[in-house]
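Colleague: Thanks for making time for this. Could we go through the helix packing and the cavities together?

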Amino acid sequence: MMSHRVLVPPDLSGSGRQYLLDRYYELIVSKEMRDKENVVQTCDAVLLHGESLSSKVLQNAGNRLKAISASRTMQDQADLLCASRLGIWVVDVDAVSYLSRAEYEIALLLSCCKQITRMDFLAHSQNETDFRPHNSTELYGKRIGFVGWDEVAFLVAQKCRLAFDMECCCYMDDDGKIVQSTVRHCESLEELFVVSDFICIHTPCVPELGLNLFKRMKPTAYMICMYDIAALRCRDLCDALHMDMLAGVAVNESVRAQTDGEQLLQNPLVTPILRSAYHTYESINRTDLFAAQALDSILSGRAVPELCTHPVNPRICLRS
């Protein structure tokens with residue numbers, strides 16, 4: 001019987017690699033994306049590390065390709081409708097790293113309120129005397145608001161409540177999602193921006209983030225944008241920071257591609273978030289092992305694991 005072929009990246013961690021080898025999978029390593037697009041036609045599954053497969057590549061893959069693993073960002077780029085028509089499962093590997101993401105978001109909260117980025121800027125420019133302690137704040141007893149709700153928001157809210165006695169609130173379009181009873185629901189996005197000391201964006205699908213919202217924020221408030229948000233108006237955010245409408249912000253470095261994005265990142269009140277900054281040695285090993293296990297389950301005809309998306313079937317989620 002011919003063994004299944006899986007296209008894998010050269011930096012696949014040992015846990016995922018060994019799991020597949022122990023089950024006699026043939027691993028095809030391809031270093032360049034153009035090689036992947038040619039080789040994918042001969043593979044049963046694809047385990048990705050940062051690239052995306054276009055609809056054209058999926059269509060050219062034929063009937064052999066049964067499953068791909070991809071991060072949530074890559075799923076946004078991939079045409080899942082095309083995958084559905086072709087009967088291809090997409091394994092969401094991002095949610096496996098939810099613990100590492102939650103820790104990183106709390107680090108960003110502390111970095112913002114303790115002015116770590118600004119202190120680094122002043123220290124390197126030898127202007128330490130310009131630091132103003134009264135601009136720093138504490139997490140303890142403050143209110144954190146979440147726009148959108150996912151596994152990371154669940155953990156961040158839990159840790160903030162237990163460790164810093166913070167109040168938590170959220171706003172989301174999907175009323176069917178279940179959140180903790182300790183999390184207050186805001187009726188509108190505007191209400192959340194008014195009442196929150198820290199605002200964490202947990203969905204790329206938000207209305208326009210412009211001056212109409214920034215002017216409602218507390219001047220001591222901070223905003224954390226974990227996602228690449230097309231609706232973020234960089235010019236308005238630059239003006240809001242200049243006019244002291246908010247105290248600081250952490251944004252994905254992908255805003256560099258937007259108009260005025262480079263200027264925004266130059267502001268010492270802005271903390272850049274690298275796309276893969278939340279990854280750790282542990283999370284990478286967990287992610288690759290989960291991807292390998294999920295692909296094996298799908299190819300072997302066993303029960304489809306959690307965190308898999310197939311638009312013909314409902315999404316199986318890790319946590320409510």
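Colleague: Why are α6 and α8 called oblique to each other?

Modeller: Helix α6 (residues 98-113) and helix α8 (residues 151-164) pack at an angle of about 50°. Angles under 35 degrees count as roughly parallel, over 145 as roughly antiparallel, 65 to 115 as roughly perpendicular and the rest as oblique, and α6 and α8 are therefore oblique. Their axes are 9 Å apart. This is a predicted model, where local features need pLDDT of at least 70, side-chain atom pairs count only at pLDDT 80 or more, and totals for chains, interfaces and linings use all residues. Residues are numbered from 1 along each chain as its sequence is written, and side-chain values use heavy atoms, without hydrogens and water.

Colleague: Which residues make the contact of α6 with α8?

Modeller: Contact means heavy atoms within 4.5 Å. Among the residues that make it are Tyr98, Leu99 and Arg101 of α6 and Glu151, Val152 and Leu155 of α8. The contact residues divide into eleven nonpolar, no polar and four charged.

Colleague: What makes a space a cavity?

Modeller: On a 1 Å grid over the protein atoms alone, a cavity is a set of points where a 1.4 Å probe fits but cannot get out, and lining residues have an atom within 4 Å of a point. Two cavities of 30 Å³ or more are counted.

Colleague: Which residues line the largest cavity?

Modeller: Arg101, Glu105, Asp150, Val152, His202, Met226 and Tyr227 line the largest cavity, which holds about 40 Å³ of space. Its lining has three nonpolar, one polar and three charged residues.

Conventions: Axes fitted to C-alpha atoms, helices over the stretch in contact; angles between N-to-C directions. Helix = DSSP H or I, 4+ residues; strand = E, 2+ residues; numbered from the N terminus. Nonpolar A, V, L, I, M, F, W, Y, C, P; charged D, E, K, R; others polar. 1 Å grid on protein atoms, 1.4 Å probe; cavity = no way out; pocket = protein on both sides within 12 Å on 5 of 7 lines; lining within 4 Å. Points joined across faces, edges and corners; volume = space filled by probe spheres on them.
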